[in-house]
Amino acid sequence: MKIIYLVHQFFPEFQAGTERFVYNTAYMTQKSGHKVRVLTYSVAGISDPDRQTNGILTRDCYYNDVPVTAFHYRGEPSDLNYSLGGNAGLDFARGWLQEEAPDLIHVGHAMRVNPFISAAAELGIPYIVTATDFFLICPKVILSPNRDTVCSGPQNGAACRQLCPELRSEFIDQRLKAGFDILKKAFAVVTPSHFAANMLAKEVEGLNPWVNNHGIRQQQLAPVQRVYQGGEPLTFGYLGNLAYHKGVHVLLKAFEGLPQANARLLIYGAGEPSYEKELRRLAGADARIEFKGAYSAVELSGILEQIDVLVAPSVCYETYSLVVHEALLSNVPVIVSDLGGMTEKMVDGENGFVFAPGNADSLRQKLQILIEDTTRINQFKLNIRLNTFVPTVEQEAFFYLQLYRLALEAKRGIISATESGI
């Protein structure tokens with residue numbers, strides 16, 4: 001089998017959850033004896049292209065043994081980051097796929113690479129979509145009409161018109177139709193959480209997504225064995241992208257309101273410079289708060305070893321959150337906002353806490369409970385060990401290998417789509 005993985009951005013330029021999911025799946029598929037290649041867009045540009053075709057630059061390389069092709073438009077379309085229409089790049093995509101001749105395409109994210117999905121449909125190449133966010137059903141990607149609200153879905157465009165009046169009606173219609181068509185024409189649609197599956201199924205008639213949790217590289221992590229006697233200083237931590245929708249400002253406001261207790265806050269990650277500047281302004285001269293910068297996968301276990309409790313304060317829907325599950329697998333309790341797929345493995349008060357999204361007072365109360373009684377963390381850790389299952393990358397990839405085989409059998413007429421269970 002030869003599988004092409006499409007993703008909007010990739011290592012080493014970006015290393016967020018979707019990029020890690022694509023890398024993990026491609027790597028494990030290759031390890032199983034199949035040919036793979038990641039096709040991605042280079043946001044930074046390509047200064048030393050291997051090829052130039054009608055204003056499109058490409059470069060072939062490897063990332064940790066996985067072959068990668070990056071492309072870049074010499075003159076970037078103005079709607080590159082949100083459009084699903086138009087013919088920009090379609091001829092190039094068609095020619096590239098004909099040259100590569102994959103058996104199957106796995107879409108990790110459709111942004112910037114959607115011409116390859118259109119070309120695959122034209123060429124009769126089956127494709128699978130993993131919806132790691134809501135890009136295909138939301139013109140604003142994350143179902144957030146503005147910085148401090150979320151919506152329950154486009155409602156065939158009615159909600160978009162009401163909540164996002166700055167978007168033209170014809171754009172909404174075109175964008176939703178294109179996204180829904182991509183989902184409907186896929187051999188299968190997979191999401192990492194039941195929440196995300198239900199959101200897609202509610203919006204796209206006849207869609208029945210599969211659920212396959214993102215896997216964790218278990219060998220890179222070690223369980224944190226710390227036991228609490230009561231009264232110890234606590235270290236809370238945030239790990240991830242620094243962007244407004246991740247809600248780090250809510251965490252800082254909650255922490256600011258704590259008395260000068262034995263607690264500190266470590267913030268790991270990088271992102272939007274203007275937002276990071278605002279976060280540093282909020283932190284002020286509070287010596288308890290440390291900005292630690294970006295981190296790599298090999299550093300993760302050591303970072304989690306320093307942290308007593310991880311906080312994921314997102315103010316938008318998360319379809320999963322790899323770092324939350326990495327913490328759980330490392331036996332580190334988490335406090336999460338009550339939004340999206342993050343809460344599916346959480347039982348409030350048993351393996352961590354859930355707080356009201358965007359509510360610094362609600363989060364502060366949860367932090368204060370643990371500061372006042374650190375021994376409560378021991379029960380959280382016991383419940384994580386006994387009752388919280390987090391899959392490995394091997395388990396996640398095994399599911400996809402079976403799905404790939406079903407797609408190819410359906411293409412060859414060995415089974416029908418109905419018989420495949422899709």
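The questions and answers below go through a sheet, a helix packed on it and some aromatic rings.

This is a predicted model, in which local features need pLDDT of at least 70, side-chain atom pairs count only at pLDDT 80 or more, and totals for chains, interfaces and linings use all residues. Residues are numbered from 1 along each chain as its sequence is written, and side-chain values use heavy atoms, with hydrogens and water left out.

Reader: In what order do the 9 strands of the open sheet lie?
Author: Strands (E, at least two residues) and helices (H or I, at least four) are DSSP runs, numbered from the N terminus, and two strands pair if DSSP finds at least two bridges between them. The pairing in this open sheet is mixed, and the order is β3-β4-β5-β2-β1-β6-β7-β8-β9.

Reader: Which are the edge strands?
Author: An edge strand here pairs on one side only. The two that do so are β3 (51-53) and β9 (210-211).

Reader: Which parts of the chain does the pair of Phe71 and Phe116 tie together?
Author: Rings of Phe, Tyr and Trp (its six-membered ring) pair if their centres lie within 6.5 Å, and planes under 30 degrees apart count as stacked, over 60 as edge-to-face and the rest as tilted. Phe71 and Phe116 are 5.4 Å apart, centre to centre, with 55 degrees between the planes, and the pair is tilted. The two residues are 45 apart in sequence, so the pair ties together strand β5 and helix α3.

Reader: Is Phe116 buried or exposed?
Author: Buried means under 20% relative accessible area, exposed over 50%, and partly exposed in between (1.4 Å probe, protein chains only). Because its relative accessible area is 1%, Phe116 is buried.
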